[in-house]
Each structure stands twice: as structure tokens, then as C-alpha cells.
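Visitor: Hi! I'm new to protein models, so please walk me through this one.

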Amino acid sequence: MLYIRRHAKTLASSCTNLTQKRTYVDVYMKWKRDPYFDNIEHILRSSQLKSVIGLKNCIVQDPNRCIPISAISKKTRQFDVSTKIAQFLRKFPSIFEEFVGPEYNLPWFRLTPEATELDKQERIVYETYAEDLRDRLKKLILMSKDNVLPLSIVQGMKWYLGLPDDYLQFPEMNLDSSFRFVDMEDGVKGLAVDYNGDKVLSVLQKNAMKKRGRRGELDLEEIEFPLFPSKGCRLRVKIEDWLKEFQKLPYVSPYDDYSCLDPSSDVAEKRVVGFLHELLCLFVEHSAERKNLLCLKKHFGLPQKVHKAFERHPQIFYLSMKNKTCTAILREPYRDKASVETHPVLAVRKKYIQLMKNSELILKSRRNRFGFRDEGIVEKDLDLDFEG
């Protein structure tokens, strides 16, 4: 259920012909669980999969394509693993194969044949869709205030954009001439884009053009957000009236200049919602942990409480509370699959998840064969011997 406080505030802007109003400030939503979005497997397992692929890449990059546990045992933070590295690797016997090394009987790890083959498929995807991945990064930067982002922000968005771990280490191979590395304030290194091509259209604008069956410039007044309410969700009459008016507001593309917008206006709020919509469209799973998006505020002109946009617009976004975190999910790609292009990396990630599920079956079979208690003691002793 949504609750509303209404404030009347009319604003005039000298640099736009639009009348900017603020009629909807505080919206409170009683969170309603949606089992469909809470159980999208590639979103549920995304965080764990990121750690798996990070460790997989570490093994593949070694000349011998195998590593001793001592090489990674102290890097739990780097790979975002909450347990000991050895314990984590042993959770996935269909991906990581353990064997005794040549010296001191240390445990070593290499990829299984299935994981090795999947790694090859993953690299083929990166090569085949290099231009698509580059365009997604370019669009992210073009949405920023000055078409430049700190490298730390780009690094933090790599997983969501579907870029390989070493993407920025090979700029000659991965980036085109429109990209350039720059020095930002306070000695921060950044990545900028120089773009003088055709106007960049958002997903919403492209879909509007398709529906209207015509080409050319779009009237900003004509863009509305597709709404996908959860079953049984009913809005109060006042909120329904506000939502209708909100939809009629001018749509400001995240690629357009927004400097003339009053930050407290409804038009500015619609611009923020449009930015979040476009951002999640660029991502592999069309979702992201909400806390990981807070670092974007400064560089994309977002309000201090940008996270509230997800709560104020539950028919556009869904907030999942699974895995002890809050994940923002764009509803549209899952309710209208033709509206947003599927990310080319998603298919291979799903294959890794299948290997993770196969690992669960292998471990279950082992427990049934040898008994859970015995296996637990052996694993604990190995961890103490080689990671202490």
C-alpha cells in the first residue's frame, strides 16, 4: 500500500518552456513480496557467481592453469568470499578440481573439463559481442554529468555491464578512439567519451518509436513508463491520480542535458526514474544491489535520496530482500521480454549457474555415501592445515 503527502509547489525555469511542479514528495510503500521476482535464479546467485568467476579467472590466468591454495587463501575480500577460500572452492566440485600439489602436499586447484569448456565459450562471447559491450560502457559514460567517470566507478560497474575482469587492462583491444583516459580532480583517474555522432536514444525512446511506427525526433510529452504492478497491489485514488499526471510529464532522456531542471520538480524525478530504467536496461540481469548504485549520485546528478525512487515507483521497479541485501530489479524485461534486448553474457552466466547446481548434487551424493559428519571433519582439518 502507498501513502502520500501532497505539497503544492510551482516552479518556473528560465531555460525551458516547461512548467515544473512538485506535487508528490513523500511516498511510503508497505513492501509487498512478489515470489516471481524473488526467485529469479540468475539474480539470486549473482553475487556468489561473481566470486566463482573471479576465482576461475585467477586460475585461468596462471601459465599452468592451476594454482596452490596458498596463492589465494588470504584474498577473501578481493573475491568477496565470506568463508575460507578453500572451503568456498570445495563447494563447487563441478567447476574446481582439487589435487595434491608437487610440494609439501599442499592442495592445488584447477578447472574441471566442463568449466574449461565453458570458459572458452565465455571468451568467444566477449569476442563476438565486443562492440555491444563497448557500447554499453559508452552509454554509461554518456549518461554522466560531463561524459567522464572515475575508473573506480567503471571498475565497480564491470560485473553489471558484463565486462570481463581485465577489460580496462587492454584498452587498445577493447576501447575505440572515442574513449580517452583523463585526470580528474584530486588526482583521480577517469575514463571519458568524446561523442559527436547521432543522438543517443534510450530504450524507452526506441520502444516508443517502434510502437508508433515512425522515425525521427520524439515529442518528450509522449513517453510514458510501462507499468507492471504486482498481483493484488492496489493504489489509493490520490496516488493513482498523481501517477497519471506523472506519466504525462515530459520525459527527459538520461543522455540529454538536465542542468535546467529544478531538482525538486516532478520533471526532475521523472528524469531520475528514466535514468535508473536505462541503467538497469544496460545491465546483464537488469538488476543491481541498491547499495552499489549509491556511488553514482555525484556523477549522474542524482538526488541524495535516489534510493527512494525505487520505493516510490513499485510498478516500474521491484525491491527484493533476498540474500540479506536489497536488490533493485527492473520489471519490464521480465514482464515484456521483447521490450529490452537480452544481454549477450546472460546465457553463459546461466551455464555457470547450472554447474553450480550440479555441484550441489555432487556434494549431496557424497554426503549420502560417506556421511555428512565425516566429510565435515576432513574438510575442516584441511583448512586448518593449509590456510592457517
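Guide: Happy to! Let's start with two helices: α3 and α5 are roughly perpendicular to each other (65 to 115 degrees). Helices here are DSSP runs of H or I with at least four residues, and strands are E runs of at least two, numbered from the N terminus. This is a predicted model, where local features need pLDDT of at least 70 and side-chain atom pairs 80 or more, while totals for chains, interfaces and linings use all residues. Residues are numbered from 1 along each chain, and side-chain values use heavy atoms, without hydrogens or water.

Visitor: What's the angle between α3 and α5, and how far apart are their axes?

Guide: Helix α3 (residues 46-61) and helix α5 (residues 113-128) pack at about 95°, with axes 12 Å apart. Axes are lines fitted to C-alpha atoms over the stretch in contact, and angles run from 0 to 180 degrees between N-to-C directions.

Visitor: Which residues make the contact?

Guide: Ile53, Lys56, Asn57 and Val60 come from α3, and Asp119, Glu122 and Arg123 from α5. Contact means heavy atoms within 4.5 Å.

Visitor: New topic: in what order do the strands of the open sheet come?

Guide: The 3 strands run β8-β10-β9, with antiparallel pairing (at least two DSSP bridges per pair).

Visitor: Why is one side of β8 and of β9 left without a neighbour?

Guide: β8 (148-150) and β9 (179-183) stand at the edges with a single partner strand each, so one side of each has no neighbour in the sheet.

Visitor: And how many bridges join β9 to β10?

Guide: There are 5, linking β9 to β10 (residues 189-193). Phenylalanine 181 stands opposite leucine 191 in β10.

Methods
Angles under 35 degrees count as roughly parallel, over 145 as roughly antiparallel, 65 to 115 as roughly perpendicular and the rest as oblique.
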